[in-house]
Amino acid sequence: MSNMSQDDVTTGLRTVQQGLEALREEHSTISNTLETSVKGVKDDEAPLPKQKLTQINDNLDKLLCGVDETSMMLMVFQLTQGMDAQHQKYQAQRRRLCQENAWLRDELSSTQIKLQASEQMVAQLEEENKHLKYMASIKQFDDGAQADTKTVVDSGPQPVTSETLQELGFGPEDEEDLNTTQFAQPTPAHSMAASAAVGYEIPARLRTLHNLVIQYASQGRYEVAVPLCKQALEDLEKTSGHDHPDVATMLNILALVYRDQNKYKEAANLLNEALSIREKCLGESHPAVAATLNNLAVLFGKRGKFKDAEPLCKRALEIREKVFGDDHPDVAKQLNNLALLCQNQGKYEEVEKYYKRALEIYESKLGPDDLNVAKTKNNLSSAYLKQGKYKEAEDLYKQILTRAHEKEYGQVSGDNKTIWQIAEDREENKHKGEGATANEQAGWAKAAKVDNPTVTTTLKNLGALYRRQGKYEAAETLEDVALRAKKQVRNDENP
């Protein structure tokens, strides 16, 4: 009975109602017939027909009651069905309203965030506008004589600072992009600023405009950055003349903006012009000249013109060695760039020589835990792989992962294994059908917490090398950890 559907119950009740109606009709007919037969008969005569008539009338009353009860049950059931349908309708409406309410809350939160960002941008633009108006109002009183004649003299080797290491270049992290002719994203503001002005101090009167151009360019707002830069160049050439270091700095910035727009010919012309000005004003052995040479080499390298880029990169290296000394980190950075150019020309003997020398400089000057050490080892491993030197590449990858592990979690031991050791253990034990142990799970979690793009790249590279060697279980372990590390970074950036 409990398995009957609503339609079955309704049909059953209607069938019972029809049956009772038929019995009632039949009993009514019999009752009428008996009443006719006993009509006019005395009470003591024909007792049996009268007894049957009484019994038939009792049954007829019960049948009438049954018909009424069945009709009532049918009405109650239909009413219940209607109430259930109405309840389901209300439930559906409630769920829809809850969903709409949640969506509206999300939209409100998003709109509030956008409003706050817009208010901050408006406030920033208002401040910048006030500053520009102020600069314009005092410009007529600024004869600019002292600033116009100011040049920077080569002062010999400079100390290792974050500014000297931020110059634009296609370093280890950009190796994969050397064969492309597109710049997927605008150059970051700090990279553009450092590459345009390295080795030369921006005068105070240009700093605000300089920062504005860089900010707009780094946001991809070239329609604002380019006119600003051109206006600044025009004003500088009127007040200071064409051959002035400030003009060269703005030419560098405009060249990088054009490069991000894939206007390579215009960018190259501007960089050559900036190079000529800096050589005249600052001397051929000034760090700013080396920076411009490097930027020009980067532009050629990104376009696949490695032969044209190599002599520019070598000349920049000679200047850095002369100014900073043979063991300065800026020299190592230039060696990295030169190695990448040679690698794309198949000059692997020179590639190994440049990378090894850069590695020695980084380790001696910045320490074995510096990020540049791991990046250079990664690049040297890539060169080894292209020559088929898989053992040398594998050893370097393991060195990177071991050093990162020890820096984060202490000395490697039986209870504190590196991720590559765990991967090789799983490769050896894969035929035993054993699941991951608690120690292995902890090792994966540790490795995934290392917030270091170079380590993540090393995990993927070593995993690819394991696959080449047929160590599929080890490869999957490293690839899984690399994926977890990426997800962890993404979650940290978007909590």
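Select helix 10 (residues 306–324) together with helix 11 (residues 329–343) in this predicted model. Their axes lie 9 Å apart, and the two helices pack at an angle of about 165 degrees. Axes here are lines fitted to C-alpha atoms, for helices over the stretch in contact, with angles from 0 to 180 degrees between N-to-C directions. Helix 10 is therefore roughly antiparallel to helix 11 (the term applies to angles over 145 degrees). The crossing of this pair is left-handed, meaning that the near helix is turned anticlockwise from the far one by less than a right angle.

Display the side chains of the contact next (heavy atoms within 4.5 Å). Helix 10 contributes residues including Phe306, Cys313, Leu317 and Phe324, while helix 11 contributes Val331, Leu335, Leu338 and Leu341, among others. By class, eleven residues of this contact are nonpolar, two polar and five charged. Nonpolar covers Ala, Val, Leu, Ile, Met, Phe, Trp, Tyr, Cys and Pro; charged covers Asp, Glu, Lys and Arg; the others, Gly among them, are polar.

The contact of helix 11 with helix 12 comprises 15 nonpolar, two polar and four charged residues.

Now show the whole chain. It contains 18 helices and zero strands; these are DSSP runs numbered from the N terminus, helices being H or I with at least four residues and strands E with at least two. Of the 495 residues, 39% are buried (buried means under 20% relative accessible area, exposed over 50%, partly exposed in between, with a 1.4 Å probe and protein chains only). Among contacts with a separation of 6 or more, 70% join residues 24 or more positions apart.

Move to Glu394, in helix 14 (residues 390–409). Glu394 counts as buried because its relative accessibility is 7%. Beyond its neighbours within four places in sequence, Glu394 touches Glu424, Leu462, Leu465, Tyr466, Gln469 and Lys471.

Select Arg468 next, which belongs to helix 17 (residues 453–468). Arg468 is exposed, at 57% relative accessible area. The C-alpha atoms of Arg468 and Tyr390 are 9.5 Å apart, although 78 residues separate the two along the chain.

The last stop is Asn262, in the loop between helix 7 (245–260) and helix 8 (264–282). Its phi is near 65 degrees, a positive value in a residue other than glycine. Asn262 is partly exposed, with a relative accessible area of 29%.

For all selections, residues are numbered from 1 along each chain as its sequence is written. Local features need pLDDT of at least 70 and side-chain atom pairs count only at pLDDT 80 or more, whereas totals for chains, interfaces and linings use all residues; side-chain values use heavy atoms, leaving out hydrogens and water.

Note on methods: Angles under 35 degrees count as roughly parallel, over 145 as roughly antiparallel, 65 to 115 as roughly perpendicular and the rest as oblique.
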